[in-house]
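Take a look at the protein below. This report walks through its charges, its contacts and its backbone.

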Amino acid sequence: MREGLTVAEAESVVLEATGILGAETVSAWNAAGRVLAEAIEATRPHPPADCSAMDGYAVRRADLLGASETQPRTLPVVYEVAAGGQASRPLGAGESARIFTGAPLPPGADAVVMQEETRAEGGQVAFLVEPEPRENVRDAGEDFQAGDRLIESRTVLGSAHLGVLASLGRSIVAVHQRPTVAILSGGDELVEPDRLTDDGHIASSNSYTLAAQCREVGARPIYLGIAEDDPAAIEARLRAGLRADVIVSSAGVSVGDHDHVRGVLEKLGCRLLFWGVKMKPGYPLAFGVIEATGTLVFGLPGNPVSTAVTFEQFVRPALRKLMGHRLLHRPVVKARLARPMKKGRGRLHFVRVSLEREGDALVATPTANQSSGVLTSLIRGQGLAIFPAEAESFAAGSEVDVQIIDAGFFDRPDRGF
Ligand code: AMP
Ligand code: MG
């Protein structure tokens, strides 16, 4: 087992050990955000036939050459075609047909004149314009032709993809499975939030944070509860999680006398790939794979900020890879540091920052308390400023990379145009 890896090394080990889950078929109705596990080709053209883009009259253009407001041409209306209907016969020379948006163009017609450019006169219609060839006609296959490759495999399905699938007649689609994530909390000081009293225990907040982080990615959290600081108790609960795709345990992975998680993991057949990552917050982090089942195991540090930040850096990309995503990482933006920063060498620091826009620039202000126990600092910050391991000081105004962890960060209060 390797010890004391850089963040980049640790992340590479995690992603190398992480596969892509297989496919399942789901209703397209519920498939938004899922990752496509098949390539989509059009099996039919859309629209299926030439059709009208307007309410108006289907005509043969040759009948209306030279028509204008002052010299209208008048034609009889010989039948009507509504959306979903069919022309009863081809349109003959010197005839027009009433037509509505989405209705198929009658054979013989080659343009549609919109109703606003006509004047009804009894059973006849006066045309006030000469239409362009195929004016107001949507060509068959204008959107796609049979055989067109429309959506690549591994695409994240958005609303428009699902609309296109529906227009192909596809209501069921193959997507990558969503991983199950068994979440374990550990520590004699912990109780469930609804059992919190004044006797000095603290609520297990990590289970809630982690479950929400899993759901935000699209994974399926399963709760294993709180294990006491006792190897047998930890083992019993971890065993229940062995069938999950991923186990995320928080706390008990450090070097204290009451930290039993690593030992228990090894007993359960977990091959530990590394322990300890040169980062702050979050040094004590273990990662391994249960040999028998392939379950990925993350032993995250217990301090609430360390838990959340290490989930962001290691568990989230792994979950996204399992789900078939090609883009595994959060967006990173450049920002100007609001005040100077100092740090020790050797560890990469993820500093919680709030971000303000100043004109076109972003200004990053570190939240007041960077203790890894202060979870409220994560409420106040929208990003994590990244201070490289070997750097020591940063002047006010210097440019830093900020990982955006607030998914709503790019939303705006105004419409922006
Ligand atoms: P440990 O890794 O067990 O040394 O825990 C580090 C710190 O995180 C301790 O102060 C714990 O009380 C706290 N902690 C551990 N697990 C949780 C949890 N599930 N929720 C909130 N705080 C926790
Ligand atoms: Mg503990």
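## A tour of the model

A negative surface patch is made up of D188, E189, E228 and D230. Patches are built from residues with over 30% relative accessible area and no salt bridge, where like charges are joined within 9 Å and nonpolar side chains (Val, Leu, Ile, Met, Phe, Trp, Tyr) within 5 Å. Lys and Arg count as positive, Asp and Glu as negative, while His and the chain ends are not counted. The place of a charge is NZ of Lys, CZ of Arg, CG of Asp or CD of Glu. Accessible areas come from the Shrake-Rupley method with a 1.4 Å probe, and for residues only the protein chains shown count as cover.

This is a predicted model, in which local features need pLDDT of at least 70, side-chain atom pairs count only at pLDDT 80 or more, and totals for chains, interfaces and linings use all residues. Residues are numbered from 1 along each chain as its sequence is written, chains are lettered from A and ligands numbered from 1 in the order in which they are written, and side-chain values use heavy atoms, with hydrogens and water left out.

**From the patch to a helix**

E228 sits in the loop between β17 (220–227) and α4 (231–240). Helices (H or I, at least four residues) and strands (E, at least two) are DSSP runs, numbered from the N terminus. E228 is partly exposed, at 42% relative accessible area. Buried means under 20% relative accessible area, exposed means over 50%, and partly exposed lies in between (1.4 Å probe, protein chains only).

Which residues of α4 are buried? They are A233, I234, E235 and L238. Their cover includes β14 (180–186), β17, β18 (246–250) and α5 (261–267). An α-helix has 3.6 residues a turn, so residues three or four places apart point the same way.

**Salt bridges**

How many salt bridges does the structure hold? There are 19. A salt bridge is a side-chain nitrogen of Lys or Arg within 4 Å of a carboxyl oxygen of Asp or Glu. Side chains of opposite charge can pair when their charged atoms come close. Here are some examples.

| Salt bridge | N to O distance |
|---|---|
| E24 and R34 | 2.6 Å |
| E130 and R61 | 3.5 Å |
| D139 and R134 | 3.1 Å |

Start with E24 and R34, whose closest N and O atoms are 2.6 Å apart. E24 is in strand β2 (residues 23–27), while R34 is in the loop between β2 and β3 (40–41), ten residues apart. E24 is partly exposed at 31% relative accessible area. R34, at 13%, counts as buried.

Next come E130 and R61, joined by a salt bridge. E130 lies in the loop between β10 (124–127) and β11 (137–138) and R61 in the loop between β5 (56–59) and β6 (73–81), so this pair ties together parts 69 residues apart in sequence. E130 is partly exposed, with 34% relative accessibility. R61 is partly exposed too, at 22%.

D139 is partly exposed at 33%, and R134 is partly exposed at 35%. Elsewhere, E41, R149 and E152 form one network through salt bridges that share partners.

Most residues other than glycine have a negative phi, and most peptide bonds are trans. R134 has a positive phi of about 60°, although it is not a glycine. R134 belongs to the loop between β10 and β11. N136 also has a positive phi of about 60° and is not a glycine. N136 lies in the loop between β10 and β11. Is N136 buried or exposed? At 17% relative accessibility, N136 counts as buried.

Now the peptide bonds. The bond from H46 to P47 is cis, with omega near -5°. P47 is in the loop between β3 and β4 (51–52). K280 and P281 are joined by a cis peptide bond, with omega about -5°. P281 is in the loop between β20 (279–280) and β21 (286–290).

**Two residues and their contacts**

I405 is in the segment after β29 (399–404). I405 is buried, at 17% relative accessible area. Contact means heavy atoms within 4.5 Å. Not counting residues up to four places away in sequence, I405 touches E312, R330, L378, Q382, G383 and L384.

R2 lies in strand β1 (residues 2–5). R2 is partly exposed, at 44% relative accessibility. Leaving aside neighbours within four places in sequence, R2 is in contact with E9, V13, L273, F274 and W275.
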